[in-house]
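This report goes through a structure element by element. Look at the sequence and the model first, then read on.

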Amino acid sequence: MKTPDMDNDTLIPVELFCTTCHVETTLIDSLEESGLVQITVVQSRRFIAPEQMGQLEKMVRMHEDLGINVPGLEAIHHMLERMESLKDEMTQLRNRLRRFSDEG
Amino acid sequence: MATDYYKVLGIDRKATIEEIKKAYRKLARKHHPDLNPNDKGAEQKFKEINEANEVLSDPESRKKYDKYGDQWKHADQIEQAQREQASAGGGGFGGGQSFGGFGGGGSHFEGDQDFGDIFGSMFGGARGRQARFKGTDLQAELQLDLRDAAITTPRTLTVNGKQIRLTIPAGVENGQTIRIKGHGGPGMNGGPAGDLLISFSIAADPIFKREGKDLYVNFDLDLYTAVLGGEIMVDTLDGKVKVPVKAETQNGTVVRLKGKGFPVYKKDGSFGDLFVTYTVKVPTNLTAQQKELFQQLAKS
């Protein structure tokens, strides 16, 4: 949870998000608790910052579409991060290998 | 070609709502785009699964689909036409038969007209949820040669008929992907547009080999310079530079030219090194006099 000095116009109230997406506020609480999304608090009101929207929508989609609970989402999040890092490592190794191969 | 939604979900035509939901979830967990980032195949498969689920999990749509196959969306018009024909005494439409021979236990549809999109939302698995969704990310590949990748250059790309101007920072890696926000597919239900992911494919250079920020080059060093020392001109990305060679340099010696390598990505003024490997070349076609001189050397 963070409390930055932000322009309220750019923030989306948590209740509005929940109403629009038909999700329970408890889901947002759990996602915040697990560190999967960050909620911004301004004058005791809870908001979602625009840069968090992508991540939040992704989590809600997986929860709603696939029936994955929050611990499952956490595990998936870590696996996807790991996959991304392995992909980067593979690219680096491939480029290193390229130096020793005939193609250049 | 029509799609058999029952086949897509791998279920029997008599499947219950629960069985449909279970089959959908099982397949969606495997092919969901959020679990398979940048996988076009998975995205396409998920669209099919989602479409099948949208139709079959709604009893009304399912009933129409069972009767009219892929033309189920036009069920009302078809039935209206049938009623009009019947009241006019005509007998043109024979139940569902004229609309593609969609037999009860049959596994394929014959109608080849595509009445298009029946799913309004790619990710809208949960019925009744009208969430805003970000559009799909588009992918493009940009081919550069090594020398292009060493300079920050403005480029104009045409993606889906739209021109996108972007600046490619010097030092991009082969296989690296950069994300251009908001230049992907349009959002759904008022959601933001997706992103454009550009992957770089950097062609091999005939002279230099690259490893990260460092460059490698081979240099054929003549025997006399290797033995006696001297100066040589070595190719770099900025042109030739003068390099002193120590006397008695061995074949395979590597020298490092500091800061003459590749620019470091997004670090202005920072460069890697250039490693020069010497291959000492033994002279050929020696004259008799030269051979004698070598013989004298060999005896000394």
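Which residue in β3(B) does Thr153(B) stand opposite? Thr153(B) stands opposite Ile168(B).

## Basis of the report

This is a predicted model, in which local features need pLDDT of at least 70, side-chain atom pairs count only at pLDDT 80 or more, and totals for chains, interfaces and linings use all residues. Residues are numbered from 1 along each chain as its sequence is written, chains are lettered from A and ligands numbered from 1 in the order in which they are written, and side-chain values use heavy atoms, with hydrogens and water left out.

## Strands

Helices (H or I, at least four residues) and strands (E, at least two) are DSSP runs, numbered from the N terminus. Two strands count as paired if DSSP finds at least two bridges between them. Strands of a sheet pair through backbone hydrogen bonds, either parallel or antiparallel.

In chain B, strand β2 (residues 153-159) and strand β3 (residues 162-168) run antiparallel and are joined by seven bridges. The two strands form a hairpin with two residues between them. In its turn, Asn160(B) has a positive phi of about 50°.

Chain A has an open sheet of three strands in the order β1-β3-β2, with antiparallel pairing. Its edge strands are β1 (12-13) and β2 (40-42), each of which pairs on one side only. Two bridges link β1(A) to β3 (residues 45-48) of chain A in the antiparallel sense, and Ile12(A) stands opposite Ile48(A) in β3(A).

## Nonpolar cores

A nonpolar core is a set of buried Ala, Val, Leu, Ile, Met, Phe, Trp, Tyr and Cys residues joined through side-chain atoms within 4.5 Å. Buried means under 20% relative accessible area, exposed over 50%, and partly exposed in between (1.4 Å probe, protein chains only). The largest core has 41 residues, of which Phe17(A), Leu31(A), Leu9(B) and Leu56(B) touch the most other members. The elements that give two or more residues to this core include α1 (14-21) of chain A and α2 (17-31) of chain B. The largest share, six residues, comes from α3(A).

Apart from this core lies another, of 36 residues, among them Leu142(B), Ile198(B), Leu215(B) and Leu221(B). Ile198(B) is found in strand β5 (residues 196-203) of chain B and is buried, with a relative accessible area of 0%. Contact means heavy atoms within 4.5 Å. Gln139(B) is 59 residues from Ile198(B) in sequence, but their C-alpha atoms are 5.9 Å apart in space.

## Two helices with a buried side

An α-helix has 3.6 residues a turn, so residues three or four places apart point the same way. In α2(A), Leu27(A), Ile28(A), Leu31(A) and Glu32(A) are buried. They cover an arc of only 135° (from the directions from the helix axis to the C-beta atoms), which puts them on the same side of α2(A). These buried residues pack against α1, β3, α3 and α4 of chain A. After α2(A) comes Gly35(A), with a positive phi near 80°.

In helix α4 (residues 59-68) of chain B, the buried residues are Ser61(B), Arg62(B), Tyr65(B) and Tyr68(B). Their arc is within 150° down the axis, so they line one face of α4(B). The face turned away from them carries the exposed residues Pro59(B) and Lys63(B). The buried residues of α4(B) pack against α1, α2, α3 and α5 (75-87) of chain B. Gly69(B), which follows α4(B), has a positive phi near 60°.
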